[in-house]
Amino acid sequence: MIDSHCHLADAKFAADLPDVIARATKNGVDRMVTIADTLEEAEKCIAIAEKHPQIFATVGVHPHEAKSWKQGDDDRLRLLVQSSKKVKAVGEIGLDYHYDFSPRDTQREVFALQLKIAKEIKKPAVIHCREAVEDLWMIIEKEKPASLVLHCCTEKWEDVERFIAAGYLLSFTGITTYPNAADIRKTIKHCPLSQMMIETDAPYLAPVPHRGKRNEPAFVIEVAKAIADIKGVSVEEVDAATTANAVEFYRLPS
Ligand SMILES: [Zn+2]
Ligand SMILES: [Zn+2]
């Protein structure tokens, strides 16, 4: 099983990261992708990935941080991606109109720029989107990246059907296990197993029965169980499909 999206460089893991990784391994999570929100964090993600053969990294600037983007950051991003074979994608990048921590025009500009770089250096893009799916899709349609995942998908099926039609992936978190997740369950019902990944987005969004606690990669099994339940298939089938999808998407060594 693969946790396709977690934040192991987060300060909440600083005290016990080796234990967190050991618990993941013990629970059958044999690979993890640690995602960056800033270029500074990307350096930490790369350092963690370099230390552990089963951990891979991404480099990118989150929409919350778009306002801190400065001249030269495009070159810095490219250099960071090239600095290690363990870097497998550009992300997470996107738009977040729920929190609006960065002005929307800045978010759009920094997202489009990073999506362009991902295309140019032939890396998949890990996309974050909250209450911005129309603007996000406009930029995607313009740039037409070869490969992307809409992570922590909480959107209505009607809004993300076009991602599936275009051959892109959706990724689901512990939110899937929450009682008020009717929209997500409908999206999962429609999303083919061949186009989905599972993730924790740890340290946040711990799935039931760990809800409210710090989340960690070992808990990704709960997302697989919820999807198996919704689709009426076995957990093994969800594991096999989502693992194969993550290996192909991130081009992980098999
Ligand atoms: Zn995100
Ligand atoms: Zn994330």
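Analyst: Two strands pair if DSSP finds at least two bridges between them; strands (E, at least two residues) and helices (H or I, at least four) are DSSP runs numbered from the N terminus. The model is predicted, so local features need pLDDT of at least 70 and side-chain atom pairs pLDDT 80 or more, while totals for chains, interfaces and linings use all residues. Residues are numbered from 1 along each chain as written, and chains are lettered from A and ligands numbered from 1 in the order written.

Strand 2 runs parallel to strand 1, and three bridges join the two; C6 has T34 of strand 2 as its bridge partner. Further along the sheet, strand 3 (residues 55–59) and strand 4 (residues 87–96) also run parallel and are joined by three bridges. There, A57 has V87 of strand 4 as its bridge partner.

Strand 2 is covered on both faces: R31 and V33 point to one side, M32 and T34 to the other, and all four are buried (20 or more other C-beta atoms within 10 Å of the residue's own, C-beta atoms being placed from the backbone). Beyond its neighbours within four places in sequence, V33 is in contact (C-beta atoms within 7 Å) with S4, H5, F56, T58, K88 and Y250. V33 and E199 are 166 residues apart along the chain, yet 9.1 Å separates their C-alpha atoms.

Helix 8 gives a further view of the surroundings. Its buried residues pack against strand 1 (2–6), strand 7 (169–172), strand 8 (196–198), helix 7 (182–190) and helix 9 (235–250). Those buried residues are V220, I221, E222, V223, A224, A226 and I227. Helix 8 comprises twelve residues, 220–231, and its end-to-end C-alpha distance of 17 Å is close to the expected 16 Å (1.5 Å times one less than the number of residues). Just after helix 8, G232 adopts a positive phi of about 65°.

In summary, strand 2 is joined to strand 1 by three bridges, and residues on both of its faces are buried.

Definitions and conventions
Two residues are in contact if their C-beta atoms, placed from the backbone, lie within 7 Å. A residue is buried if 20 or more other C-beta atoms lie within 10 Å of its own, exposed if 12 or fewer, and partly exposed in between; C-beta atoms are placed from the backbone.
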